[in-house]
Amino acid sequence: CILSLENAFNLSRCFATEQLTFIKSFNKFPLMKYFVQDPYRWNILNYIIYFSAKKEPIYLEKLKSYIHKSDRHVEKILKDCLANGSFIVLDPQDKVLKNKKIINIRPSEKLMKEFYGHNILKYRKYIAIINRFGFK
């Protein structure tokens with residue numbers, strides 16, 4: 001799709017508007033709102049959901065290897081998320097952890113409902129923009 005200069009400006013405006021309203025959209029998703037306040041929180045959220053979907057155990061030490069922030073920072077985020085019900089501790093689905101000191105962290109059902117709801121809403125908006133400008 002070749003855009004005229006005017007359409008290019010309009011497309012840029014539409015995408016920028018969506019980005020500017022991105023944070024406000026989290027008012028509908030209170031558990032998700034916690035994660036957008038800090039890029040490390042956002043990454044922790046997505047790593048935990050990612051590993052959960054892969055049925056792989058995710059625990060503090062493994063998470064720290066992906067999040068390049070102090071141990072205390074990562075531990076505080078996990079503590080907050082366990083306290084507010086975003087994350088839960090569950091045994092792994094397909095594996096047995098030999099070290100009983102390791103706890104497997106998973107997203108809660110309520111968090112997953114918000115995660116799906118937020119992403120569906122976000123991508124519907126982007127699909128509408130893409131369709132409006134004739135991209136295929």
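**Reading rings, cores and a cavity in a predicted model**

Me: Y34 counts as buried, at 14% relative accessibility. What does "buried" mean as a cut-off?

Reply: Buried means under 20% relative accessible area, exposed means over 50%, and partly exposed is what lies in between, with a 1.4 Å probe and protein chains only. Before we go on: this is a predicted model, so local features need pLDDT of at least 70 and side-chain atom pairs count only at pLDDT 80 or more, while totals for chains, interfaces and linings use all residues. Numbering runs from 1 along each chain as its sequence is written, and side-chain values use heavy atoms, leaving out hydrogens and water.

Me: How many aromatic pairs are there?

Reply: The general idea first: you describe two aromatic rings by the distance of the centres and the angle of the planes. Here, rings of Phe, Tyr and Trp (its six-membered ring) pair if their centres lie within 6.5 Å; planes under 30 degrees apart are stacked, over 60 edge-to-face, and the rest tilted. That rule gives 11 aromatic pairs. Take F26 and W42, an edge-to-face pair with 6.0 Å centre to centre and 85 degrees between the planes. F26 is in the loop between helix 1 (5–21) and helix 2 (30–35) and W42 is in helix 3 (residues 39–53), so this pair ties together parts that are 16 residues apart in sequence. Helices here are DSSP runs (H or I, at least four residues), numbered from the N terminus. F26 is buried at 0% relative accessibility, whereas W42 is partly exposed at 23%.

Me: And what about Y34 and F35, what sort of pair do they form?

Reply: Edge-to-face, with 5.3 Å centre to centre and 90 degrees between the planes. F35 is buried, its relative accessible area being 0%. There's also a cluster: ring pairs link Y47, Y50, F51 and Y66.

Me: Which charged residues sit over the rings of Y34 and F51?

Reply: The test is that NZ of Lys or CZ of Arg is within 6 Å of the ring centre and within 35 degrees of the ring normal. R41 lies over the face of Y34, 3.9 Å from the ring centre. For F51, the charged end of K62 sits over the ring at 4.3 Å from its centre.

Me: Where is F51 in the fold, and is it buried or exposed?

Reply: F51 lies in helix 3 and is buried, with a relative accessible area of 4%. Skipping neighbours within four places in sequence, F51 is in contact (heavy atoms within 4.5 Å) with E56, I58, K62, Y66 and R106. By contrast, look at K33: F51 is 18 residues from K33 in sequence and 21 Å from it in space, C-alpha to C-alpha.

Me: How do I read the nonpolar core?

Reply: In soluble globular proteins, nonpolar side chains tend to be buried together. The rule here takes buried Ala, Val, Leu, Ile, Met, Phe, Trp, Tyr and Cys residues and joins them through side-chain atoms within 4.5 Å. The largest core has 24 residues, and I44, I48, L63, L78 and F87 have the most contacts inside it. Helix 2, helix 3, helix 5 (71–83) and helix 6 (109–132) each supply at least two of its residues. Helix 3 gives the most, with five. Another core lies apart from this one; it has five residues, including L11, Y126, I129 and F133.

Me: What does L63 touch?

Reply: Beyond its neighbours within four places in sequence, L63 is in contact with I44, Y47, I48, I58, V74 and L78.

Me: Which residues line the largest cavity?

Reply: The lining is E18, T21, F22, S25, H118, L121, K122, K125 and Y126. Helix 6 gives the most to it, with five residues. E18, in helix 1, is buried at 19% relative accessibility. Leaving out residues up to four places away in sequence, E18 touches K125, Y126 and I129.

Terms used
On a 1 Å grid over the protein atoms alone, a cavity is a set of points where a 1.4 Å probe fits but cannot get out, and a pocket is an open set with protein on both sides within 12 Å along at least five of seven lines; lining residues have an atom within 4 Å of a point.
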